[in-house]
Amino acid sequence: MNMTQLVLLLGFLLSLIGFWGLMTRRDIFRMIISFSLLDTGVHMVMIGIGYVKNGTAPIFDEALIVEDAVGKVVDPVPSALVLTAIVIGLAVTALMLSYAVRVYTSRKSLSIDAVKELKW
Amino acid sequence: MIKRFIIVLALAAIAVGMYPLAWGIEDAENLSQIATEYVTDGADDLGAANLVTSVVVTYRGLDTLGEVTVLFAATAGVTMLLAARKPKKPGTIAKGKKDSGEDHSRRTGSELLKTGAALLFPIIWMFGIYIFVHGHLTPGGGFQGGVVITSATLLLFFADSDRKMGHTILQIAEAFSGAAYVAVGLLGLWFAAGFLDPRFLPAGEFGQVFSAGAIPVIYSLIGIKVGAELTGIVDTMRRSAS
């Protein structure tokens, strides 16, 4: 097992824990934490998939010139996606936390069961 | 019982689905075709030393515009949820015994924190601006720079949670950067190959700050936008608690 597989495995494990938490927990804060775990796990998986053997960051300078860069750099696309996804994840977590605050102020409970409108 | 069974079943299905992905993947020896294209032609094409920035700002520029929109929506949601109206429910005072019994007012920051925050605020602020202005040369960019700027404001709020903050400048910065981002994209549509194409400005010398066409402009606008949005979130959360 090499490092990439380890990262992928840990990423999948994190996202599984996140899924499990989302499905079993009733406390909104724990669900938010589960979501963050899922988020981080998916980021790890994406970065792991984009890795190229012995690759370095795709930023050109004296040590990495354009002509022989292929084969030396990792895939820039997953890095770009994860870069934005981290910041968006932060904002979405803030949105979920404010929802939790709102639910608590109106129902005096942090259980998702208190939000009856979500049931069908 | 049946619910637990379904949950275990769903988790098992996800795990089985992921298993070949986790174990089947070897370290790729070669880049995918599109990534190879980016690596070989990206630098000559756009003149940005940081390929990740090229992908974020130009090749997947529309995605980034979408992400910024999601960020805006999340900020609007936070503001709507927290700042819409002050909770003043006369009936709940009797119920909330715990609230009235304990002192929930926040401690002011210590002298050390206050002095440190005042000293560090401009430095962190400047570092954030540095990060997004040099996004096309070094690791970093608008998103990271914006978050760094937000952290400076957060530090100020830690030191003094009742600090007044001007909202006008925040709103102006947010609205201006968002509109200018789209405007620069449209300039690309008129003067270069397509929407968000940065090549309507001269490419400049590879590896310099003023290079890579409009990429630093776009990334700086994204940085201002992200910084303003996240500062807005932090400020809204702080005000709703006091």
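## Confidence along chain B

Among the elements of chain B, helix 5 (residues 92-95) has the lowest mean pLDDT, 44. Helix 7 (residues 111-133) of chain B has the highest, 89. The pLDDT is the predictor's confidence in each residue, from 0 to 100. Helices (H or I, at least four residues) are DSSP runs, numbered from the N terminus. Over residues 90-101 of chain B the pLDDT is below 50. Beyond near neighbours in sequence, this stretch has two contacts in the model. A contact means heavy atoms within 4.5 Å. Chain B as a whole averages a pLDDT of 80, and 87% of its residues score at least 70.

This is a predicted model, in which local features need pLDDT of at least 70 and side-chain atom pairs count only at pLDDT 80 or more, while totals for chains, interfaces and linings use all residues. Residues are numbered from 1 along each chain as its sequence is written, chains are lettered from A in the order in which they are written, and side-chain values use heavy atoms, with hydrogens and water left out.

The size of an interface is often given as the accessible area lost when the parts come together. Here the area buried between chain B and chain A is about 4,700 Å². That figure is the accessible area (1.4 Å probe) that the two parts lose on being put together, summed over both. Carbon and sulfur atoms give 77% of the buried area. In terms of contacts, 55 residues of chain B touch 47 residues of chain A.

Two residue pairs are in polar contact across this interface, both at pLDDT 80 or more. A polar contact is a pair of N or O atoms within 3.5 Å; within protein, one must be able to donate a hydrogen and the other to accept it, and residues adjacent in sequence count only if both atoms are side-chain atoms. Several helices of chain B each supply at least two residues to the side that touches chain A, including helix 2 (33-46), helix 4 (61-83) and helix 8 (142-159). Helix 1 of chain B gives the most, with 10 residues. By class, this side of chain B has 38 nonpolar, eight polar and nine charged residues. Ala, Val, Leu, Ile, Met, Phe, Trp, Tyr, Cys and Pro count as nonpolar, Asp, Glu, Lys and Arg as charged, and the others, Gly among them, as polar.

## Salt bridges

Side chains of opposite charge can pair when their charged atoms come close. A salt bridge is a side-chain nitrogen of Lys or Arg within 4 Å of a carboxyl oxygen of Asp or Glu. Across the interface of chain B and chain A the rule finds zero. A search of the whole structure finds two over all chains.

One joins B:Lys225 and B:Glu229 (3.1 Å, N to O). Both lie in helix 10 of chain B, four residues apart, about one turn of the helix. For B:Lys225 the relative accessible area is 9%. Leaving aside neighbours within four places in sequence, B:Lys225 is in contact with B:Val68, B:Phe72, B:Glu174, B:Ser177 and B:Gly178.

The side chains of B:Arg238 and B:Asp235 also meet in a salt bridge (2.6 Å, N to O). They are three residues apart in helix 10 of chain B, so about one helical turn separates them. B:Arg238 is buried at 9% relative accessible area, and B:Asp235 is buried at 1%.

Methods. Buried means under 20% relative accessible area, exposed over 50%, partly exposed in between (1.4 Å probe, protein chains only).
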